[in-house]
Amino acid sequence: MSKAPVKTIKTTMTSTGDWLKHHARMHTLVAVLVFAVGLAATIYYWNNLRQSVRADLDAAYNRQVSAIGAAAGTRLELYENFLRGSAGLFKIHSNLTQEEWNEFHQPYEIRNKFPDIEGIGISRWLNKADVPAYMQRRAAQGEAGFKIHPEGDRDVYVPVTFNAQYTGNNGKSRGYDGYADPVRRAAMDRAIETGEPSMSGKINLVSESRPNRSSFILYLPVYREGFPTETAEQRKAGLLGFAYVAVDFQALIDGVLKTNQSPNIGMQLRDSTLKGNDAKAYESDNFASIVKTSGSKVDDNTFDLFGHKWHVTLAASPELISERERQLPDQALWRGILTCLFFAGLVWYLITDRERKYARQKQEEVQTAKDDLLSLASHQLRTPATVVKQYVGMMLQGYAGDLTPQQLDMLTNAYDSNERQLEIINQLLYVARLDAGRITLHKEKVDVTKLMRDVARDQSEAVANRNQQLTFKIPKRPVVAEIDPHFMRMVLENLLSNAIKYTPEGGSITLAIRRTPGSVTMRVTDTGVGIDSSLQSNIFEKFTRVENELSTDVNGSGVGLYLTQQIVELHGGSIDVKSKPNEGSAFSVKIPVVSKDNG
Ligand code: ADP
């Protein structure tokens with residue numbers, strides 16, 4: 001059997017339901033839209049905030065970098081100035097001694113104030129032929145042990161002649177020919193080439209007192225008085241030597257970073273002319289960990305310092321800006337999402353609530369109009385139908401003379417139709433009264449076994465007409481309940497007449513009563529067409545009929561079960577149905593009773 005459609009005579013309920021469903025979809029759509037727009041705005045705002053935090057980090061970083069740059073620049077300028085002063089002394093003092101050199105630099109308090117300076121000195125430029133005279137001058141100054149090292153036969157020697165040493169071993173560095181070392185030599189050649197101060201690449205000083213530390217030397221060329229210094233050739237010809245300062249990278253940069261920086265900036269310095277680990281001239285302690293921190297900023301630059309190229313990597317940790325500021329974007333994101341959810345929910349609630357109120361109001365208006373119409377129509381119909389009943393009845397009883405068999409047959413049909421018509425009108429009247437709240441129960445103690453037998457007797461003809469078998473499962477002793485006999489009779493009549501209508505000819509119907517503590521249950525069971533489980537809840541609705549194979553043959557208004565349920569509920573009871581298509585149905589009415597009333 002295919003699934004029976006629900007045919008609703010009254011359309012308002014269903015169409016209102018559809019309307020609500022349709023609108024619910026619309027509301028959800030509006031809410032989703034509100035959420036989506038809000039979310040888009042939030043994401044836009046979040047992104048802007050992130051950019052501005054990034055910009056703040058960049059700005060903080062740039063401030064730090066310029067501070068570092070300025071500090072480093074000042075330091076280098078200072079070295080250059082030192083050199084110019086020292087070179088001046090050397091130039092004007094032809095018979096300068098090491099002691100005088102030391103004395104000259106003493107007021108600077110280099111050891112205390114410039115811990116990065118390892119030594120300040122003069123390296124003399126000597127052609128091979130000049131060496132003997134040079135050695136004689138050293139001896140004349142009482143430096144008999146003075147030796148140029150490393151030893152060897154070279155065209156040019158550039159030995160350290162005077163050296164104010166602040167770290168390490170002075171004895172070792174004096175006499176050291178820096179020109180024999182390619183790194184120093186490159187810087188010296190560049191100084192001659194450009195006539196400018198010139199920085200060496202990364203070196204480990206001969207007089208190293210700080211193990212594993214890197215240094216550089218800054219050379220300033222010094223020329224003989226009166227010699228032209230326009231071209232590289234002229235400069236080389238007039239070259240007296242170099243004033244130099246040797247600087248320890250770690251002390252220098254630690255000083256620069258410490259005085260200017262937060263612990264959130266790290267730095268690595270590499271000699272651009274070297275490769276791998278050899279190139280590393282400096283690395284701050286925090287460098288590696290900052291580079292690894294997520295969200296840190298790592299910036300590479302190559303600088304030319306006095307002719308030598310250095311690769312500087314600066315790493316700024318995100319903590320350069322405050323935690324509060326860093327968390328701002330994510331906080332804004334979460335707040336935004338929550339706000340969007342709240343507003344979407346609010347919008348959804350407001351619209352739905354309004355629609356629901358509107359739908360309820362509309363439904364109530366329609367219901368009132370219908371009830372009015374129903375009550376009016378049924379009242380108007382009842383009187384003429386009753387008059388028809390009286391006249392046809394009188395004719396059937398022979399008040400208008402004898403009737404031919406054909407007249408009798410026709411009038412009997414008319415009488416039956418009029419009966420059904422009145423029955424429907426009566427039902428409609430009850431519905432109208434119920435809906436208007438105008439039904440009051442007049443309860444009395446009633447033996448429901450007797451009531452059920454009376455109803456069965458009244459409908460026994462219909463049962464017999466359909467060849468159906470009626471069985472009773474009713475206690476022999478009376479079962480008393482406090483009910484309105486008139487309305488409870490209607491309930492049983494409805495259930496039994498439905499059972500008769502919706503059970504095929506030859507089927508069977510059982511009427512049962514069961515007394516349980518606190519309640520009495522009256523059950524009408526049939527072996528009829530049954531009701532699909534999905535439709536069972538619909539049948540108690542007003543004006544609702546479920547189509548089945550028998551419903552086209554039988555009359556019905558679709559209000560019988562509605563009235564039944566309403567009356568049962570007015571009694572404080574309940575009705576339920578158990579049914580299977582093609583197997584039958586069982587309608588149970590359960591009415592509460594007070595124990596002692598049981599007869
Ligand atoms: P009506 O019988 O006038 O259609 P009711 O309110 O009494 O209206 O019943 C509603 C619907 O419930 C009926 O159309 C019918 O399909 C179904 N129904 C009621 N009683 C039975 C039954 N005993 N067996 C099968 N279907 C039933």
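## Helices 12 and 14

In this predicted model, helix 12 (residues 448–458) and helix 14 (residues 485–501) have axes that come within 10 Å and cross at roughly 50°. That angle makes helix 12 oblique to helix 14. The crossing of helix 12 past helix 14 is right-handed.

## Helix 11 and its two partners

Helix 11 (residues 405–435) takes part in a crossing with helix 10 (residues 323–396), where the axes come within 8 Å at an angle of roughly 150°. Angles over 145 degrees count as roughly antiparallel, and helix 10 and helix 11 are therefore roughly antiparallel to each other. Helix 10 passes helix 11 in the left-handed sense. If you sort the residues of this contact by class, you find 16 nonpolar, 10 polar and five charged.

Helix 15 (residues 560–570) is another partner to look at: its axis and that of helix 11 come within 10 Å and cross at roughly 45°. Helix 11 is thus oblique to helix 15. Here, too, the crossing is described by its hand, and helix 11 passes helix 15 in a left-handed one.

Four of them form an open sheet, and reading across it gives the order 10-9-12-11, with antiparallel pairing. Which strands stand at the edges? They are strand 10 (280–283) and strand 11 (297–305), each of which pairs on one side only. From one strand to the next, the twist averages 15°.

Look next at the pairing of strand 11 with strand 12 (residues 308–316), which is antiparallel and runs over nine bridges. To find your place in it, pick out valine 298, which stands opposite alanine 315 in strand 12.

## The second largest pocket

Strands 11 and 12 turn up again around the second largest pocket, as two of the elements that give two or more residues to its lining. The others are helix 1 (12–92), helix 8 (249–260) and strand 9 (265–271). The space in this pocket comes to about 450 Å³. Its lining has 24 residues, and those closest to the pocket centre are Ala72, Met267, Phe303, Leu305 and Val312.

Which element gives the most to this lining? It is helix 1, with nine residues.

Key:
Residues are numbered from 1 along each chain as its sequence is written. This is a predicted model: local features need pLDDT of at least 70, side-chain atom pairs count only at pLDDT 80 or more; totals for chains, interfaces and linings use all residues. Side-chain values use heavy atoms; hydrogens and water are left out. Two strands pair if DSSP finds at least two bridges between them. Helices (H or I, at least four residues) and strands (E, at least two) are DSSP runs, numbered from the N terminus. Axes are lines fitted to C-alpha atoms, for helices over the stretch in contact, and angles run from 0 to 180 degrees between N-to-C directions. Angles under 35 degrees count as roughly parallel, over 145 as roughly antiparallel, 65 to 115 as roughly perpendicular and the rest as oblique. A crossing is left-handed if the near helix is turned anticlockwise from the far one by less than a right angle, and right-handed if clockwise. Ala, Val, Leu, Ile, Met, Phe, Trp, Tyr, Cys and Pro count as nonpolar, Asp, Glu, Lys and Arg as charged, and the others, Gly among them, as polar. On a 1 Å grid over the protein atoms alone, a cavity is a set of points where a 1.4 Å probe fits but cannot get out, and a pocket is an open set with protein on both sides within 12 Å along at least five of seven lines; lining residues have an atom within 4 Å of a point. Grid points are joined across faces, edges and corners, and a volume is the space filled by probe spheres set on the points.
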